[in-house]
Amino acid sequence: MSDNELMEQIDATVKENQIVIFMKGSPMQPACGFSAAASEILKATGRPFAYVDVFEIPGVRDAIKQYTQWPTIPQIFINGEFVGGTDILREMSGNGELDALLATLEPPETAEG
Amino acid sequence: MLPEATLTSLIRAALPDARVEVEDLTGTQDHYAITVISEAFRGKSLLTQQRMVYAALGDTLRGPIHALALNTRPPRDGEAAPE
């Protein structure tokens, strides 16, 4: 994929999924502690989320850093917007900001009521 | 590999009032946990705060530093001023 195509794919992925994490490895098998921590926080929300394993697609690891002008992985997007990395997600999870943000999303199909 | 002192001075160059605490997580000078406390962060989102630190660190994240845990915030009321 060309650089432009990669950027477009990233843009589409971010806009088509309520919650998406670009991470090392997968939520089932994270390849790095920071990615593991972030995906655990997302799992704990009980909401479905998408992930991109940056090791799986050539070029995406650099492309996502270009897209957000952010130098580290993982990168979490909610409602089409870049939220930050693990530290920010952890902070938001701890102070209620994450719940508040998620509450603004359309309910997932597997809502717990 | 990048020494703590270099990280601190890079951050202090961009944020002169900052209190910077650096912890080497693995003893190999490439996995760090950094806390930055600065008045410049007040009123800014966490994302913006962290972008400011990343901007200060520049190219170090493309090479010498492999992992970075970052904690940023403005000073709390009554918190001691940095030395």
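Buried area here means the accessible area, taken with a 1.4 Å probe, that two parts lose on being put together, summed over both. For chain B and chain A that comes to about 1,100 Å², with 66% given by carbon and sulfur atoms. This is a predicted model: local features need pLDDT of at least 70, side-chain atom pairs count only at pLDDT 80 or more, and totals for chains, interfaces and linings use all residues. Residues are numbered from 1 along each chain as its sequence is written, chains are lettered from A and ligands numbered from 1 in the order written, and side-chain values use heavy atoms, leaving out hydrogens and water.

Eleven residues of chain B and 13 residues of chain A make the contact (heavy atoms within 4.5 Å). On the chain B side, B:L46, B:L47 and B:R51 supply 45% of the area that chain B buries against chain A, more than any other three residues. Helix 2 (46-57) and strand 3 of chain B each supply at least two residues of that side; helices (H or I, at least four residues) and strands (E, at least two) are DSSP runs, numbered from the N terminus.

Now the sheet in chain B. An open sheet has three strands in the order 1-2-3, with mixed pairing; two strands pair if DSSP finds at least two bridges between them. Strand 1 (19-24) and strand 3 (67-73) are the edge strands, each pairing on one side only. Strand 1 and strand 2 (residues 31-37) of chain B run antiparallel over six bridges, and B:V22 has B:I34 in strand 2 as its bridge partner.
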